[in-house]
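Dear colleague,

Please find the sequence and the structure below. My notes on what was found follow directly after them.

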Amino acid sequence: MNIHEHILQNKVDSTGNDDLRDCLAEFKALMKMYETIQIVDKDSVFKFVESFNNYRNICAYKFERRKNSGQELIRSTMLEGFFQILFKDIAFQHSSSKEEVILGHANILSSFTISPFSYKDAFKDINFAAQMKDQDFVIGISSQMKIMRNQKEVTELFVIPFVVIECKTYIEKNMLETHMNSSKETKKIFPFCLYFIASEYMKMKTASPQRSALDEVYILTQEKNSIREKKFKQNLPIEPFNSDLVYDLFSKVKNHLENKWWDKESPFTTGTLITNSD
């Protein structure tokens, strides 16, 4: 289920709020329309962005005006729900079953430890533990890892990510630095995973993301958060997502999912060892 729809539906059920009910109807109509429309090229991406911008223009301020809007998660899941629709067709193109593919919020493997309490204890229990990390949006597949020692088996379920997109209403410096580190750690385990940040607005003056393993940081409205706040107070129209930026992200993801990431024969034709998915 789309995460934005899920959060919104639960809140409508628990409050009966008319504004939320209207927004839920708008979002369901958007999803219904795109059940039969494939998003696979520039034209279809642009049309979808236009449709979502219309929904966002109608409902974003309604969500933001609510008391405790940050804790409700309705506003913050708009972008996650947007990506679940945007990538719905290219994510499933190689899968025989939709159950195989993870499209949305997921736990990925971030690290694991093997730390027996002593040399003597290691022969009985290696004390294996896996650490998971929540990611806002992932295109990946479900998997499991089994470790066995002396008939003792430990099984960990996790998601193998091929694309990670951290979704932010606004990005500030400490958030950016957190994900700069996360992207580096993620690619140690999953070297062929693309790692993006997609933010609606920007809330920082300086940053150096080029020093990280991030593949790109998108500011989808190309607007400062301070301008956003002024528009909100004055009830001015919300800045829309830039279709060209969304298509740039879409193209990077599409190329990555369609291309080979490693081919042992390629050096004999291209003379290079690293395959560029762009």
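L8 is found in helix α1, which covers residues 3–15. Please bear in mind that this is a predicted model. L8 counts as buried because its relative accessibility is 0%, and the cut-off for that class is under 20%. Leaving aside residues up to four places away in sequence, L8 touches L20, C23, L24, Y55, F63 and I74. A further pairing spans much of the chain's numbering: L8 and T77 are 69 residues apart in sequence, while their C-alpha atoms are 9.2 Å apart in space.

Helix α2 comprises residues 18–33, and D18 lies in it. In contrast to the buried L8, D18 counts as exposed because its relative accessibility is 55%, where the class requires over 50%. D18 also belongs to a patch of negative charge on the surface, in which it gathers with D19, D22 and E26.

As for the protein as a whole, its secondary structure comes to ten helices and five strands. The C-alpha trace spans about 65 × 50 × 45 Å along its principal axes. The protein has 278 residues, of which 44% count as buried. Of the contacts between residues at least 6 apart in sequence, 64% join residues at least 24 apart. The accessible surface comes to about 15,400 Å², and 51% of this belongs to carbon and sulfur atoms.

With kind regards

Technical notes: Residues numbered from 1 in each chain as written. Predicted model: local features only at pLDDT ≥ 70, side-chain atom pairs only at ≥ 80, totals over all residues. Heavy atoms only, no water. Helix = DSSP H or I, 4+ residues; strand = E, 2+ residues; numbered from the N terminus. Buried < 20%, exposed > 50% of the residue type's maximum accessible area, 1.4 Å probe, protein only. Contact = heavy atoms within 4.5 Å. Patch = residues over 30% accessible without salt bridge, like charges linked within 9 Å, V, L, I, M, F, W, Y side chains within 5 Å. Areas by Shrake-Rupley, 256 points an atom, 1.4 Å probe, with all protein chains shown as cover. Salt bridge = Lys/Arg side-chain N within 4 Å of Asp/Glu carboxyl O. Lys, Arg positive; Asp, Glu negative; His and termini not counted. Charge placed at Lys NZ, Arg CZ, Asp CG, Glu CD.
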